[in-house]
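Try each task before you read its solution.

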Amino acid sequence: MRVCGVGDNVVDRYFNQRLVFPGGNAVNFAVHARRSGISASYLGVIGSDSDGDLVRSSLLAEGIELARLRVKEGPTAFATVHMDDNGNNRVWGLCHKGVSLFQLDGEDLEYLAGFDLVHTSETSGLDGQLAAVRERVAISFDFSDLDLEYAKGILPHLKVAAFSRSNAGQDEVNAILDAAQSAGVELVTITHGARGATICHKGQILFVPSFPAVAIDTLGAGDAFVSRLACRVLTGVQLAEAASDAAQYSALMCGTRGAFGHGRSILNEIPA
């Protein structure tokens with residue numbers, strides 16, 4: 001199996017600690033897929049600055065193929081994170097997409113045809129090209145906490161869909177599952193923060209509780225769960241086993257600062 005993360009990348013600037021870490025939903029999915037033993041690539045645009053260098057070097061260190069990575073003059077996307085001491089609560093400060101937004105060209109689309117799964121997200125700005133991508137390869141898409149009305153326009157293009165609903169009641173969960181299954185989505189994940197996740201694969205629905213963890217930093221834990229689950233299920237692992245593995249892996253990542261590590265200190269002022 002080969003997967004490709006397509007779209008957003010970012011550096012997360014930890015205001016309190018004066019640390020910066022690589023991340024972004026598409027980047028995180030690729031990294032966690034590779035750590036799951038899957039051949040993984042990333043396609044996107046980084047800036048011509050030290051933050052872009054950090055994203056590139058981190059991906060190379062993780063064994064991610066970067067054949068279609070572009071460097072554009074300008075700043076790499078960033079997000080400012082205000083984190084409390086226990087790592088469970090964070091407030092977002094100044095964020096900027098930098099040069100990360102782009103459109104896929106013909107060579108990109110042909111490149112993606114060589115994969116089994118492409119993962120992108122609502123932050124990547126590629127919604128208008130999903131139909132062209134789906135003609136060539138299956139798509140995984142992370143909706144984060146965006147509403148179901150937005151999702152309904154995207155779901156028919158997808159094989160895998162992920163939603164974040166920390167405080168959702170059962171009616172809302174059922175509505176998401178019904179919409180996704182009606183659209184033909186094969187694997188649906190609804191993460192509920194510290195409570196766990198509801199997952200559905202080909203009509204089989206399962207709730208998996210979160211695995212106990214000593215949380216240093218929960219940023220990116222949901223991405224870790226979604227990626228590991230998809231990689232396991234789509235390579236033939238039974239749903240219950242795949243879900244347990246994903247929950248344990250997500251808990252493990254809560255013990256790592258940043259979305260997947262590779263942090264560096266910065267001495268200059270971080271915008272709040």
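**Exercise 1. Find out how enclosed helix α7 is, and check its span.**

Step 1. Twelve of the 13 residues of α7 are buried, so this helix is largely enclosed by the rest of the structure. Buried means under 20% relative accessible area, with a 1.4 Å probe and protein chains only. Helices are DSSP runs of H or I with at least four residues, strands are runs of E with at least two, and both are numbered from the N terminus.

Step 2. Among the buried residues of α7 are D223, F225, R228 and C231.

Step 3. The end C-alpha atoms of α7 are 18 Å apart, which agrees with the 18 Å that its 13 residues should span at 1.5 Å a residue. The expected span is 1.5 Å times one less than the number of residues.

Before going on, note that this is a predicted model: local features need pLDDT of at least 70, side-chain atom pairs count only at pLDDT 80 or more, and totals for chains, interfaces and linings use all residues. Residues are numbered from 1 along each chain as its sequence is written, and side-chain values use heavy atoms, with hydrogens and water left out.

**Exercise 2. Describe how α7 and α8 pack.**

Step 1. Helix α7 (residues 221-233) and helix α8 (residues 239-253) meet at an angle of about 150°, and their axes are 8 Å apart. Axes are lines fitted to C-alpha atoms, for helices over the stretch in contact, and angles run from 0 to 180 degrees between N-to-C directions.

Step 2. That makes α7 roughly antiparallel to α8, a label for angles over 145 degrees.

Step 3. The contact (heavy atoms within 4.5 Å) includes F225 and L229 of α7, and A246 and Y249 of α8.

**Exercise 3. Where do the buried residues of α2 lie around its axis?**

Step 1. The buried residues of α2 are D51, G52, L54, V55, S58 and L59.

Step 2. They cover an arc of only 155° around the axis, which puts them on the same side of α2; the arc is that of the directions from the helix axis to the C-beta atoms.

Step 3. Their packing partners include β2 (10-14), α1 (25-35) and β4 (39-43).

**Exercise 4. Is H201 buried or exposed?**

Step 1. H201 belongs to strand β13 (residues 196-201).

Step 2. At 16% relative accessibility, H201 counts as buried.

Step 3. Leaving aside neighbours within four places in sequence, H201 is in contact with E186, L187, V233 and L239.

How values were computed:
Buried means under 20% relative accessible area, exposed over 50%, partly exposed in between (1.4 Å probe, protein chains only). Angles under 35 degrees count as roughly parallel, over 145 as roughly antiparallel, 65 to 115 as roughly perpendicular and the rest as oblique.
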